[in-house]
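Here is a short tour of a structure, taken one region at a time. Keep the view open beside you and follow along.

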Amino acid sequence: MADFEIPETHEFPVIPTVMEGVMSHSAPFLAKAQFQEQLGFPGDAGLIEGWKEVFLEKLGEMLGKYRSLLVFMDICVKCGACTDKCHYFLGTGDAKNMPVARQDLLRKVYRRYFTFAGKYFPKLVGAVDLTEEVVTEMYSYYHQCSECRRCSVFCPYGIDTAEVTMAARDILAHIGMGQKYSNEIIGKVFKIGNNLGLPEPALADTLEGLEEEVEEDIGVKVRYPLDEKGADILLVTPSADFFAEPHVDGLIGYGKVFHAAGVSWTVSSKASEAANFGLFIGNYENMREISLRIRDAAKELGVKRIIFGECGHAWRVAYSFLNTLAGPWDFLDPNYPVPQHILDFTSDCLDRGILNIDKSENDWMTLTFHDSCNVARASRIGSYPGSQFTIPRKVIKAVCNNFYDMAPETIHDATFCCGGGGGLLTDDLMELRLKGALPRMEALKNVIDDKGVTHMAAICAICKSQFTKVLPYYGMTMDQIVSVHQLVSSAIILEGQGDEDESAADTEEAA
Amino acid sequence: MTALSILYVVLFYAAIAVLVGGITNKILQYKRVPAPLKIPVTPAPMTKTGVAWRLTTEVVFFNSLFRATKWTWIFGWIFHAALLLAFFRHLRYVISPDSFLWPIVSLEVVQSFGKYAGFAMVFGLVGLLGRRIFVDRVRYISSPSDYLMLLLIIGIAVSGLMMNYVVRTDIVQLKAFIMGLFLFDWQNLPSDIILLVHLTLVLILSFIFPISKLLHAPGLFFSPTRYQVDNPREVRHLSPWGAEMEAKDGRNA
């Protein structure tokens with residue numbers, strides 16, 4: 001068990017009293033030179049020579065490249081609207097986990113070196129000199145933000161702390177203080193093709209194994225193809241879907257839906273990863289580089305459409321940025337959105353009545369749904385605003401009889417992050433992850449107590465991994481988190497499936 | 001002309017130059033710097049009309065703040081609404097009765113409610129100040145400048161109210177002074193101490209506007225999370241520097 005206390009859950013959320021520095025010890029491992037170099041960053045797990053000049057130069061450069069950063073540095077009025085909205089503040093009570101205080105870590109340096117007031121009256125406006133202490137604090141607290149955007153929903157000016165965190169992390173990476181976890185993973189994507197470092201043969205093996213498993217299970221040969229040229233659909237999904245529970249049950253579900261819809265599809269070994277940690281480290285070049293693999297794969301395989309599997313931040317990059325970073329997509333079929341979300345595809349199949357569903361297969365569960373932050377606040381799934389909330393629920397209700405939402409202030413665009421998003425899903429940040437999960441755990445517990453909910457469905461690989469880890473600490477079990485397409489998978493009846501059962505029943509009758 | 005009047009003539013011109021020049025400069029800077037990625041906070045409108053409505057509701061009703069915290073919303077909204085009324089009421093000191101704006105300025109609602117708006121302003125501002133002092137979270141994030149800004153505007157409101165209810169100033173002479181500024185036909189300024197305090201505080205506010213958090217007023221319209229249309233798949237969004245990157249390596253061809 002952990003050497004710190006798991007926060008208590010309450011029936012109603014409690015806003016903690018502000019405490020100074022209680023989480024200042026929390027910081028992820030720094031990236032060594034090998035993980036810095038491959039991403040184009042200098043240094044070896046520490047500040048480079050002349051870091052101060054590089055920091056200020058980089059900050060100046062970003063202020064000229066990102067309108068969001070420039071405007072957000074200027075216009076905060078310190079009204080306090082965001083102060084009780086961050087799950088990390090609610091879970092830790094650390095003053096610097098209030099979104100505005102987190103922004104201020106960079107803002108006070110911005111003011112000192114880039115504004116009139118901060119240059120001549122630093123004390124008056126809270127401007128400070130750039131020192132090693134300031135940078136250390138930034139490294140700590142900009143890795144206590146999951147870039148979930150909940151604060152920006154409540155800000156009267158839409159100031160998005162995620163934008164500030166991303167900028168700060170990018171600047172830190174440029175002075176030798178890159179984060180090991182994210183940078184190492186991006187390196188694997190460049191070298192091998194996915195976050196987990198599954199090479200092509202292992203991937204082929206896994207998918208073949210899945211086919212056998214499914215056939216054994218339901219008696220139907222459902223295909224899970226890899227690198228098949230000429231397939232209609234390229235499926236890009238988080239690599240966790242290839243092996244870990246409950247992720248893989250979701251992948252099995254996608255395959256069954258594609259099978260029932262009668263479309264041809266394939267996974268690419270080159271773009272065998274939907275995740276794009278370039279977003280987390282706030283680096284446009286790396287995010288673009290990762291995105292371009294999907295363009296290359298789509299061209300090589302000659303697909304007509306691209307569909308993304310269940311993943312939160314990946315869907316943000318896909319939905320909001322893929323056209324910018326790796327477009328234009330004029331070589332794909334214009335009749336379909338590029339890219340499309342797997343839930344949009346499944347929802348459409350349900351509408352067309354081509355899926356044979358037996359909802360009672362999921363009757364042993366009572367479900368609730370966790371809106372993943374990046375899907376909820378940084379994307380859309382269907383054709384209208386808010387469809388990122390309605391479509392997942394519609395699909396769940398189409399395959400399950402028992403469903404209840406959590407408290408309204410904890411879902412939709414007010415949803416709480418799982419506590420492990422934004423490049424924080426690493427063991428060296430376990431205390432933060434456990435404490436940050438508090439608001440979601442609280443809402444879940446309440447709906448378990450009040451409505452008898454047994455399972456929570458999610459559509460994000462990070463959420464699923466994080467909950468698998470933290471649920472036991474809050475007195476629940478790790479298998480209470482499920483994939484939405486896992487539910488679809490259990491309820492869907494494919495043609496030919498059950499023939500055996502029926503014939504078995506026939507035999508019984510005859511006997 | 002008195003030396004005092006000359007001083008204020010100079011200060012007024014300087015304040016207007018700083019205010020207009022400073023804000024214009026900032027707006028141009030905000031316009032010049034691109035937003036390289038589509039980052040509207042969703043659910044977001046899918047059309048420009050929808051965005052106009054989203055921004056209108058933020059400007060007029062402070063929607064997001066309402067969702068966030070009711071107390072800050074009440075105090076903040078009352079203050080801003082009262083400020084708007086007070087602004088309209090003050091127009092009578094700077095425009096002549098034959099102006100096309102006069103029918104609006106002379107409206108009963110502007111003139112009588114405008115008079116009481118000062119009280120509403122003070123009420124809202126004191127409420128905001130109270131939150132800054134008594135709510136531990138807001139106290140933690142406040143700098144000296146945050147308190148001073150509130151005190152400055154409270155000072156403006158209170159001195160304004162005093163001229164209405166305690167010591168009246170020579171309003172005819174004041175208007176002559178103001179109109180003189182516009183017509184470059186400079187007149188004497190009444191030398192009542194409360195008027196001078198009122199005007200001096202307003203001058204200070206004008207000077208610091210472009211270098212302070214008061215930039216939230218124009219800044220809201222340049223906040224990509226709020227003004228961007230939700231259509232990234234339909235319309236390709238590309239910044240000039242993003243396009244440059246593409247042109248260099250040709251990988252998006």
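## A residue at the end of a helix

Let's start in chain B, where His90(B) belongs to helix α4, which covers residues 70-90. This is a predicted model, so please read what follows with that in mind.

Val105(B) and His90(B) are 15 residues apart along the chain, and 8.5 Å separates their C-alpha atoms.

## Where chain B meets chain A

The contact between the two chains draws on 57 residues of chain B and 60 residues of chain A. On the chain B side, the elements giving two or more residues are α3 (63-68), α4, α7 (136-141), α8 (144-165), α11 (216-219), α12 (224-227) and α13 (240-249). Helix α4 of this list is the one that holds His90(B).

Which element gives the most to this side of chain B? That is α7(B), with 5 residues. Sorted by class, the side of chain B that touches chain A has 28 nonpolar, 16 polar and 13 charged residues.

## Two domains in chain A

Turning to chain A, you will find domain 1 at 33-178 and domain 2 at 186-491. Their C-alpha centres lie 30 Å apart. The contact between them takes 23 residues from domain 1 and 26 residues from domain 2.

On the domain 1 side, α4 (87-92), α8 (150-154) and α9 (161-174) of chain A are the elements that give two or more residues. This side of domain 1 of chain A is made up of 10 nonpolar, 8 polar and 5 charged residues.

## An open sheet in chain A

Chain A also has an open sheet of 3 strands, ordered β5-β6-β7, with parallel pairing. Why do β5 (367-369) and β7 (481-483) of chain A stand at the edges? Each has a single partner strand, so one side of each is left without a neighbour in the sheet. From one strand to the next, the twist averages 40 degrees.

Strand β6 of chain A, residues 455-458, is joined to β5(A) by 3 bridges, and the two run parallel. Within this pair, His455(A) in β6(A) stands opposite Leu367(A). Finally, helix α21 of chain A (residues 484-491) lies across β6 and β7 of chain A and runs at about 70 degrees to β7(A).

Methods: Residues are numbered from 1 along each chain as its sequence is written. Chains are lettered from A and ligands numbered from 1 in the order in which they are written. This is a predicted model: local features need pLDDT of at least 70, side-chain atom pairs count only at pLDDT 80 or more; totals for chains, interfaces and linings use all residues. Helices (H or I, at least four residues) and strands (E, at least two) are DSSP runs, numbered from the N terminus. Domain bounds come from an automatic or database domain assignment. Two residues are in contact if their C-beta atoms, placed from the backbone, lie within 7 Å. Ala, Val, Leu, Ile, Met, Phe, Trp, Tyr, Cys and Pro count as nonpolar, Asp, Glu, Lys and Arg as charged, and the others, Gly among them, as polar. Two strands pair if DSSP finds at least two bridges between them. Axes are lines fitted to C-alpha atoms, for helices over the stretch in contact, and angles run from 0 to 180 degrees between N-to-C directions.
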